[in-house]
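Subject: Structure for you to look at

Hello,

Here is the structure we talked about, with my notes below it. Please read the notes with the structure open beside them.

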Amino acid sequence: MSTVLANPAKMIARGAPRVIRNNDELEEYTNALFRLTALQNPSPAELDAIDLLTLLVERYEGEHYSIPAADPVSVVKFLIEKQGLSQRDLIPQFGSESAVSMFLCGRRKLTIGQIQKLTARFRLPADVFISAERAA
């Protein structure tokens, strides 16, 4: 057995990262990850710590905060509702109020340009606005 892992329980008792079990630990690990990723020239050990903390945070968030995939229409409707917008507010992204209406009732798909504009407006990744059948 490697001497590095000769006594993992002792390593954890001394404060080595371990599986995240609650939101307080998630916040602590996330803050540590932010501090590490803000370093200009992280050392090899710091890069390893970034990798490990990322895995632990992603695992916990995936188990406790998974977001089911949604179709683009549902996503845009959700954003309109949560941000108190009207269809008219999206004219700059769609080009016209009728284009917004046609998309929201499912008669039209998003164009690449509309996806880019929605991504910029809502600061979300483009894949949120791309339907599964379009991506396939």
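The protein has 8 helices and 0 strands; helices (H or I, at least four residues) and strands (E, at least two) are DSSP runs, numbered from the N terminus. Along the sequence, the pattern reads α-α-α-α-α-α-α-α. This is a predicted model, in which local features need pLDDT of at least 70 and side-chain atom pairs count only at pLDDT 80 or more, while totals for chains, interfaces and linings use all residues. Residues are numbered from 1 along each chain as its sequence is written, and side-chain values use heavy atoms, with hydrogens and water left out.

Overall shape and surface

The C-alpha trace spans about 65 × 30 × 30 Å along its principal axes. The radius of gyration of the protein is 22 Å, whereas a compact globule of 136 residues would have one near 14 Å. That radius is taken over C-alpha atoms, and the globule rule is 2.2 Å times the number of residues to the power 0.38.

Buried residues make up 26% of the 136 residues. Buried means under 20% relative accessible area, exposed over 50%, and partly exposed in between (1.4 Å probe, protein chains only). The accessible surface comes to about 9,700 Å², and 56% of it belongs to carbon and sulfur atoms. Accessible areas come from the Shrake-Rupley method with a 1.4 Å probe; for residues, only the protein chains shown count as cover.

Of the contacts with a separation of 6 or more, 50% are between residues 24 or more positions apart. Contact means heavy atoms within 4.5 Å.

The cores

A nonpolar core is a set of buried Ala, Val, Leu, Ile, Met, Phe, Trp, Tyr and Cys residues joined through side-chain atoms within 4.5 Å. The largest one has 17 residues, and those with the most contacts inside it are Val76, Leu90, Phe94 and Phe129. Helix H4 (72-82), helix H6 (97-104) and H7 each supply at least two residues of this core. H4 gives the most, with 5 residues. Apart from this core lies another, of 11 residues, among them Ile20, Tyr29, Ala32 and Tyr60.

Phe94, from the largest core, touches Ala99, Val100, Phe103, Leu110, Gln114 and Leu118, not counting residues up to four places away in sequence.

Tyr60, a member of the 11-residue core, lies in helix H3. Is Tyr60 buried or exposed? Tyr60 counts as buried because its relative accessibility is 4%. Leaving aside neighbours within four places in sequence, Tyr60 is in contact with Ile20, Arg21, Asn22, Asn23, Leu26 and Tyr65. Tyr60 and Arg14 are 46 residues apart in sequence and 22 Å apart in space, C-alpha to C-alpha.

Gly62 is also in helix H3 (residues 44-64). Gly62 has a relative accessible area of 44%, so it is partly exposed. Its C-alpha atom is separated by 25 Å from that of Glu81, 19 residues apart along the chain.

Asp71 is in the loop between H3 and H4. With a relative accessible area of 37%, Asp71 is partly exposed. How far apart in space are Asp71 and Ser131, C-alpha to C-alpha? They are 5.6 Å apart, although 60 residues separate them in sequence.

Thr119 is in helix H7 (residues 112-122). Apart from neighbours within four places in sequence, Thr119 is in contact with Leu124, Pro125, Ala126 and Phe129. The C-alpha atoms of Thr119 and Thr30 are separated by 25 Å, and the two residues are 89 residues apart along the chain.

Arg123 is in the loop between H7 and helix H8 (132-135). Arg123 counts as exposed because its relative accessibility is 77%. Phi of Arg123 is near 55°, a positive value in a residue other than glycine. Most residues other than glycine have a negative phi.

Regards
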